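Take a look at the chain below. This report walks through how some of its parts pack together.

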Amino acid sequence: MEEMQNAVELNDVQPSPEVDKPSKFKAFLGGVKEWFRKFTVKLKRRPMNIAFFVLIISSIVYLCSLGNFSQTALNIYVNWLGLSVFVNTLFCILSLLLFMNSFPKRSKKPKIVMLVLLFLFIAAMIAFDIVFYININNAYTADLNSGVMTPEIQARLDEYVQPALRSTIAHIVLVGLGAILTATYPLYGKLINKINTRKVIESTELKEEIDTEEDV
């Protein structure tokens, strides 16, 4: 009888169901979602970082095109080309420093003096870009129409003149966009603050936290 009773008791015991572990894909999506949540939280604190990122991209675009700018200024003899390249190269770096000083981390309000200097530097870069583009385009078109330029010289000039002109336009657009984003960061900052970044705690996670507190 005891053996039969033990057998019945063993049959009544059922293994506890295993907790389904999340798949690797779901874990990856959860990690990406958490990264975006933390990134949005940082943007809520400093929305002007969007403008700073655009200015960094504009500086990278210009500095990476210095070879084409230098070759264009050396081979097409027009006044102010070398000065335009030099000033914009210098201002690309100084504008980033001015931006960081305009919005110090421990201050809630921007420094007006640094901010005014930043916009002056941006205006100067756009002005020198326009001067560079107009002078290069006019001189290059005049050389083509004069008939002096041979096809070999034209092919050699096209290797850096056309990329330099495209990079100039890209720099003007990016710097102008950075200026607009810098001036309007309080507006889109309010829109970013409306994004819900609260972390949703699932019931399983909440139960685990309660269990750990009881064990303590």
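## The model and the chain

This is a predicted model: local features need pLDDT of at least 70, side-chain atom pairs count only at pLDDT 80 or more, and totals for chains, interfaces and linings use all residues. Residues are numbered from 1 along each chain as its sequence is written, and side-chain values use heavy atoms, with hydrogens and water left out.

The protein chain has 10 helices and 0 strands. Helices (H or I, at least four residues) and strands (E, at least two) are DSSP runs, numbered from the N terminus. Of the 216 residues, 29% count as buried. Buried means under 20% relative accessible area, exposed over 50%, and partly exposed in between (1.4 Å probe, protein chains only).

Contact means heavy atoms within 4.5 Å. Take the contacts in the protein chain with a separation of 6 or more: 79% of them join residues 24 or more positions apart.

## How helix pairs are described

Two packed helices are described by the angle between their axes and the distance between the axes. Axes are lines fitted to C-alpha atoms, for helices over the stretch in contact, and angles run from 0 to 180 degrees between N-to-C directions. Angles under 35 degrees count as roughly parallel, over 145 as roughly antiparallel, 65 to 115 as roughly perpendicular and the rest as oblique.

## H8 with H3

The axes of helix H3 (residues 49-64) and H8 come within 8 Å and cross at roughly 165°. H3 is therefore roughly antiparallel to H8. On the H3 side, the contact includes Ile50, Val54 and Val61; on the H8 side, Ser167, Leu174 and Leu181 are among the residues.

This contact has 12 nonpolar, 5 polar and no charged residues. Ala, Val, Leu, Ile, Met, Phe, Trp, Tyr, Cys and Pro count as nonpolar, Asp, Glu, Lys and Arg as charged, and the others, Gly among them, as polar.

Asn68, Phe69 and Thr72 of H4 touch Val161, Pro163, Ala164, Ser167 and Thr168 of H8. By class, there are 4 nonpolar, 4 polar and no charged residues.

The axes of H8 and helix H9 (residues 185-193) come within 5 Å and cross at roughly 70°. H8 is therefore roughly perpendicular to H9. Leu181, Thr182 and Ala183 of H8 make the contact with Tyr185, Pro186 and Tyr188 of H9. These residues divide into 5 nonpolar, 1 polar and no charged.

Ser167 lies in helix H8 (residues 161-183). Is Ser167 buried or exposed? Ser167 is buried, because its relative accessible area is 13%.

Leave aside its neighbours within four places in sequence, and Ser167 is in contact with Val61, Ser65 and Phe69. The side chains of Ser167 and Ser65 make a polar contact (2.9 Å). A polar contact is a pair of N or O atoms within 3.5 Å; within protein, one must be able to donate a hydrogen and the other to accept it, and residues adjacent in sequence count only if both atoms are side-chain atoms.

## Leu43 in close-up

Leu43 lies in helix H2 (residues 24-45). Leu43 is buried, with a relative accessible area of 13%. Leaving aside neighbours within four places in sequence, Leu43 is in contact with Asn49, Ile50 and Ile192. The C-alpha atoms of Leu43 and Asn193 are separated by 8.5 Å, with the two residues 150 apart along the chain.
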